[in-house]
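Please look over the structure below with this briefing beside it.

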Amino acid sequence: MRHLLAIEDLDRDDIERIMSRASSFAEVGRRDIKKVPALRGRTIVSLFYESSTRTSSSFELAAKRLSADVVSIKAAGSAVDKGESLKDTIATLSAYAPEAIVIRHPYAGAAKLVTAWTSAAVVNAGDGKHEHPSQALLDTYTLLDRIGSLEGKRIWIVGDVLHSRVARSCAMCFRTMGAEVTLCGPPTLIPRGVTEALGTDVAHDLGRLGEADIVYALRMQKERMNESFVPSIREYATHYQIDSRRLAPRQLLMHPGPVNRGVELSPEVIDGPASLITAQVESGLVVRMAILYEILTSGEPRGGSGRRDDAELPAPTPIGEPA
Amino acid sequence: MADMRPISSLDWRGSQGEPERDLVLRGVRVLDPREGIDATHDVVVRDGEIAELAAAGADGPEGAEIVDAEGLSVFPAFFDPHVHLRTPGHEHKEDIETGSRAAAAGGFCGILAMANTDPPADDAGHVAALRDRAREQAAVPTGFLACVTRGMLGAELTEMAELADAGAVGFSDDGMPITSGRVLRRALQYQRLVGLPIALHEEDPELSAGGSMHEGAVSAALGIAGLPSISESTMIARDAAIATFEGAAIHVQHLSAAESVAAVELAKSNGLQITCEASPHHLTLTDEEVRSLDARFKMNPPLRAQADREALIDGLRRGVIDCIATDHAPHATHEKEVPFEQAAWGVIGLETAFSAVFTELVLPGVLELETVLERLTAGAAPFGFEPPRIAPSAEANLVLVDTEAEWEAGIEGWESRSANSCFDGRRLRGRVLMTVAAGRVAYRQRSFAMGVA
């Protein structure tokens with residue numbers, strides 16, 4: 001795998017390879033010294049054009065646990081503030097010959113564009129409302145870790161599907177792994193043509209929520225109210241909030257965070273036994289380690305300037321017995 | 001057609017200078033569906049006119065340039081009522097010289113430029129200055145539309161009568177819809193005084209707000225907000241109703257949606273004087289291209305679904321759609337080398353118009369070549385110009401084409417200053433070798449020109 005741009009590009013083998021690699025890294029987190037030399041001497045640039053807590057911190061920590069050198073750049077306070085184009089920013093950063101660039105950008109296709117301007121591997125950490133592949137992979141990992149397989153499982157993704165890159169990536173990833181996915185939300189927040197686009201079922205109320213094995217709630221942003229997508233957050237919560245009354249004991253609950261407590265989720269389910277929300281964050285670290293390892297050790301030549309001989313780099317050290 | 005003006009009445013640099021020597025296209029297939037001609041002739045051009053369609057092999061006039069055109073075809077040259085020449089204000093994208101050169105290279109003998117420049121063409125002095133410049137620089141006869149509203153802000157009418165006196169060929173706020181029904185109604189009323197056509201960019205910005213591509217399954221997969229088809233068709237329906245009420249004539253620009261074809265057809269059947277155009281890209285491509293997230297496929301209106309494309313083709317075939325217009329919209333590389341949603345709207349189209357339609361629609365048998373030729377020339381009529389035709393003593397507006405030639409679009413660069421073509425890199429069939437506009441050679445394809453020199 002050269003880049004990680006979209007779940008759409010991955011087949012089941014790709015996803016399973018990342019899952020098993022992540023399992024092998026889980027052990028590292030339980031050591032006293034949580035670090036392996038797998039990517040020693042490799043440079044990873046993390047470039048975030050949108051605010052992010054968990055994605056940026058977990059990519060950064062994942063890189064550090066693999067002993068890579070990490071440079072983190074936020075758009076605020078950088079040359080981007082001075083009007084530098086994405087292409088020029090990438091050209092500048094590529095002069096440092098990084099092996100990988102992790103990028104989050106407010107517009108669809110930004111990560112893919114970057115691949116044309118650098119010889120570094122590119123990881124899409126969220127591009128507009130398009131895809132957020134590492135989120136979908138960590139969610140899949142979380143579920144596999146808990147229930148073993150997604151084959152035949154019914155997963156409901158509930159909320160603002162229209163504006164959610166998480167919903168798009170998760171729906172595709174879960175379906176590739178054998179699950180049946182239903183997208184549920186007010187008709188104003190379900191994109192036209194989504195059934196054809198993603199192969200999912202669509203529901204506009206929670207009446208059949210009982211059939212779900214897993215309920216995946218999306219973040220409901222308050223500004224959607226001003227844009228007339230929903231009349232009020234209160235009415236949205238009345239119809240779509242996942243609470244202990246709606247969530248059966250056998251159903252698992254997920255959320256990509258950050259949660260609006262009392263909007264899409266009631267406080268008691270967030271902290272309840274069915275909640276995988278904290279587990280998702282934990283998975284984020286090992287899955288992102290696996291992603292970085294996967295793209296940086298796939299054997300293709302790297303290096304932003306093209307001047308560096310790949311043979312001079314220390315060979316990545318296998319950890320444990322990665323499958 | 002009595003009050004139609006010749007294409008030579010438009011401004012271009014060819015209108016000055018010495019008359020050229022006679023030109024003979026020897027042994028060429030002459031095809032003009034409007035004149036009902038499909039035969040091999042020696043076409044003789046003299047003093048700006050088609051002097052005769054002689055029997056092939058006849059002796060040409062002395063001193064004439066003889067072009068051995070056996071195996072080649074000559075058609076009436078094309079007329080594009082919708083291009084953007086970007087002058088003034090955006091000369092880094094295009095100017096009158098480069099844009100008109102692109103037109104000549106695409107086989108066009110006449111083009112009409114839109115008014116959405118910076119500043120917009122909304123006063124008489126501005127139009128007069130553009131015409132002066134066209135007389136110095138334009139490679140083919142070029143007309144200029146003026147704005148319907150001042151500054152294209154959609155609020156106050158321009159001095160339409162004064163603009164008409166200054167030589168504007170029509171009015172359009174293209175790029176911006178006229179959202180106010182009241183303002184549009186006043187413009188259509190005032191049109192009676194002025195007598196020039198009004199061309200409309202039909203889009204309800206309330207419905208299309210925030211969108212970057214067609215709203216449908218592809219936009220759902222990409223997470224890109226859409227411009228729904230109804231943002232176009234509802235405005236056409238509204239404006240058709242207003243125009244019918246006022247007894248006015250309107251020209252609808254760049255149709256993209258099946259619903260829009262239906263709206264125009266309904267208006268026509270109700271007796272409204274309504275004409276409309278479709279672009280080569282809307283006729284040959286769909287929103288599937290946008291899956292690449294390549295900004296070369298971003299334009300407004302957007303590429304829509306296959307059903308929309310089929311409706312446009314069907315509308316063109318049946319004459320609901322009157323003409324093909326390119327909406328040639330140049331943008332600099334850096335304005336397109338950005339994420340799709342941030343990219344500038346528009347594609348260039350003059351240099352590939354015929355080849356794209358010929359390759360994608362004529363060769364597979366979807367449309368007759370005759371239909372395509374008729375629609376590539378018919379854009380002159382709604383603006384009061386005589387559509388080019390091949391007949392003795394007609395003004396010579398000719399395009400010489402090698403229908404067998406295959407070429408890769410863009411590989412030799414573009415005559416346009418910009419390269420934002422959605423056909424870039426495609427193998428196309430049918431190459432324009434020579435364009436004669438208003439009686440003068442406006443373009444010779446390089447290798448062909450060297451071959452005959």
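In α4(B), the residues L184(B), A187(B), L188(B) and Q191(B) are buried, where buried means that 20 or more other C-beta atoms lie within 10 Å of the residue's own, exposed that 12 or fewer do, and partly exposed anything in between, with C-beta atoms placed from the backbone. These four residues cover an arc of only 95° around the axis, which puts them on the same side of α4(B); the arc is that of the directions from the helix axis to the C-beta atoms. The model is a predicted one, in which local features need pLDDT of at least 70 and side-chain atom pairs count only at pLDDT 80 or more, while totals for chains, interfaces and linings use all residues. Residues are numbered from 1 along each chain as its sequence is written, and chains are lettered from A and ligands numbered from 1 in the order in which they are written.

**Helix α4 of chain B**

- An α-helix has 3.6 residues a turn, so residues three or four places apart point the same way.
- On the other side of α4(B), R182(B), R192(B) and L193(B) are exposed.
- The cover over the buried residues of α4(B) includes β10 (198-200) and α7 (230-246) of chain B; helices (H or I, at least four residues) and strands (E, at least two) are DSSP runs, numbered from the N terminus.
- Helix α4 (residues 181-194) of chain B has 14 residues, which at 1.5 Å a residue should span 20 Å, and its end C-alpha atoms are 20 Å apart, which agrees; the expected span is 1.5 Å times one less than the number of residues.
- G195(B), whose phi is positive, near 75°, follows α4(B).

**The sheet of chain B**

- Eight strands of chain B form an open sheet with parallel pairing, in the order β6-β7-β8-β9-β10-β13-β14-β15; two strands pair if DSSP finds at least two bridges between them.
- At the edges are β6 (78-83) and β15 (323-324) of chain B, each of which pairs on one side only.
- Strands β8 (residues 142-146) and β9 (residues 170-172) of chain B pair in the parallel sense over two bridges, and F171(B) in β9(B) is the bridge partner of A146(B).

**Domains of chain B**

- Chain B is assigned domain 1 (7-75 + 393-452) and domain 2 (77-383), with bounds that come from an automatic or database domain assignment.
- The C-alpha centres of these two domains of chain B lie 26 Å apart, and their contact takes 38 residues from domain 1 and 50 residues from domain 2, two residues being in contact if their C-beta atoms, placed from the backbone, lie within 7 Å.
- On the side of domain 1 of chain B that touches domain 2 of chain B, β17(B) gives the most, with eight residues.
- That side of domain 1 of chain B has 21 nonpolar, nine polar and eight charged residues, where Ala, Val, Leu, Ile, Met, Phe, Trp, Tyr, Cys and Pro count as nonpolar, Asp, Glu, Lys and Arg as charged, and the others, Gly among them, as polar.

**Where chain B meets chain A**

- In the contact between the chains, 17 residues of chain B meet 22 residues of chain A.
- Helix α6 (residues 217-222) of chain B supplies the largest share of the side of chain B that touches chain A, five residues.
- The residues on that side of chain B divide into nine nonpolar, five polar and three charged.
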